[in-house]
Amino acid sequence: MVTAQQGILTSANAGDGTTSTIANRVLVDFKDALTDYRTTSMDVLSMFCENMETDTGGDIDLTIAKPSMAMEEIDEGTTPAYQHTSLRNERINVKEWGLAVAVTRRMIEDSRFNEVELALNEAKRAVERHVTKHAMYALMGVGNSTLRTGVSDTTISTGIETAVTTFANNPHGAFYGKTPEDGSRIVDYGDYTAAELGALAWASGSNTGSHYQPSGGAQTAPGQIALSDITGAIEFMSAKGANPDTILVSPSHYKSLLDLADFTVAATTAAPAAGGNLGAVDDANRSGIIGNLFGLKVVSNAWVPTTRYGIFDTNIKPMAYVQRRGLTVEEANPGFGIVGSYLSMRYGLKIVRPEAGMIIYD
């Protein structure tokens, strides 16, 4: 986690040529800073979120359609019975997030670099870190009191359906909780009734029907993966009409997968690169996509906890990202001899498709 360096950048806190980490930088450091910076693309939003915009703030209600119509045979001279849609609402809380940067005029005059540009570049990277963390915590059900993710800021594990769907305690939503047939989100699909979907049993025999399940494997340390858990998640999701295509893991899970000989072969075959296995690993480090496992794209993210991982259908997009105002930069006036800027954005996100993901935890 990045520690916020609060206060205004001045020549007084620049240090000397030996110990300075702020102003007295060598030219190579400056060039590296520009190379390291990239526009805030927020790949996590394009992969896991349905992006939309709104012209109102506060709480936004989205309407989600449920399966509600069926074909019927029509006799000669007759008309089919009228049918109508069945809908449910998902409420998304839109909040404003921001930060401020400031540099003294003396610091700008005395520095050999463009301190304002460097400060804004780091601020934009901070925005990307924040949004990625926010989306990952909401998606994985990780409790956080600042972001208000999880149920009452507590990480989701054995929560029942009525608990994870209470907006006041869980504004970021969740996948199905325990006994989902008691709620309004689950419906009949295929040859399964809603009650049968809610009664699907996990290997451990706990959390019946829930999409938050303890690992049935014999993990001895965080970051390990049991393949039987992945097949179980595929069953739970496919029975509800989802088509799981992605597994999201932490870097520790990444290592565990690379230690599997079968997975290394799969990664090399799916993403051939110069250098054999090392080439495949190099490709993965750049793209974030490690390889394939049981037909699932394996994606690693540093904000995923080592104690849980998720399987998702990214074609459906499990979350909605509602943007009221994109990232804006405004000039600030901190005081005499000080140059400053405000960066802010207004958005909200929430899990709105409970069938499109499943979380496995230790």
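User: What volume does the largest cavity have?
Analyst: The largest cavity has a volume of about 110 Å³. A cavity here is a set of points on a 1 Å grid over the protein atoms alone where a 1.4 Å probe fits but cannot get out; the volume is the space filled by probe spheres set on the points, with points joined across faces, edges and corners. This is a predicted model, in which local features need pLDDT of at least 70 and side-chain atom pairs count only at pLDDT 80 or more, while totals for chains, interfaces and linings use all residues. Residues are numbered from 1 along each chain as its sequence is written, and side-chain values use heavy atoms, with hydrogens and water left out.

User: How many cavities of 30 Å³ or more are there in the whole structure?
Analyst: The search finds 3.

User: Which residues line the largest one?
Analyst: The lining, meaning residues with an atom within 4 Å of a point, includes Trp-97, His-134, Arg-148, His-172 and Tyr-347. Strand β3 (86–104) supplies the largest share, 4 residues. Strands are DSSP runs of E, at least two residues, and helices are runs of H or I, at least four, numbered from the N terminus.

User: Switching to aromatics. How many pairs?
Analyst: The structure holds 6 aromatic pairs, counted when ring centres of Phe, Tyr or Trp (its six-membered ring) lie within 6.5 Å; planes under 30 degrees apart are stacked, over 60 edge-to-face, the rest tilted. Phe-48 and Phe-312 form an edge-to-face pair, 5.4 Å centre to centre with 75° between the planes.

User: Where do Phe-48 and Phe-312 lie?
Analyst: Phe-48 is in helix α2 (residues 43–48) and Phe-312 in strand β8 (residues 308–312), so the pair ties together parts 264 residues apart in sequence.

User: Buried or exposed?
Analyst: Both Phe-48 and Phe-312 are buried, which means under 20% relative accessible area with a 1.4 Å probe, protein chains only. Ring pairs also link them with Phe-175 and Tyr-212 into a cluster.

User: And the core, which residues touch the most other members?
Analyst: In the largest nonpolar core, of 32 residues, these are Leu-139, Tyr-212, Leu-248, Phe-312 and Met-319. Such a core is a set of buried Ala, Val, Leu, Ile, Met, Phe, Trp, Tyr and Cys residues joined through side-chain atoms within 4.5 Å.

User: Which element gives the most to this core?
Analyst: Helix α4 (115–140), with 8 residues.

User: What does Leu-248 touch?
Analyst: Its contacts (heavy atoms within 4.5 Å) include Phe-48, Met-136, Leu-139, Val-299 and Phe-312, not counting residues up to four places away in sequence.

Key: Buried < 20%, exposed > 50% of the residue type's maximum accessible area, 1.4 Å probe, protein only. 1 Å grid on protein atoms, 1.4 Å probe; cavity = no way out; pocket = protein on both sides within 12 Å on 5 of 7 lines; lining within 4 Å.
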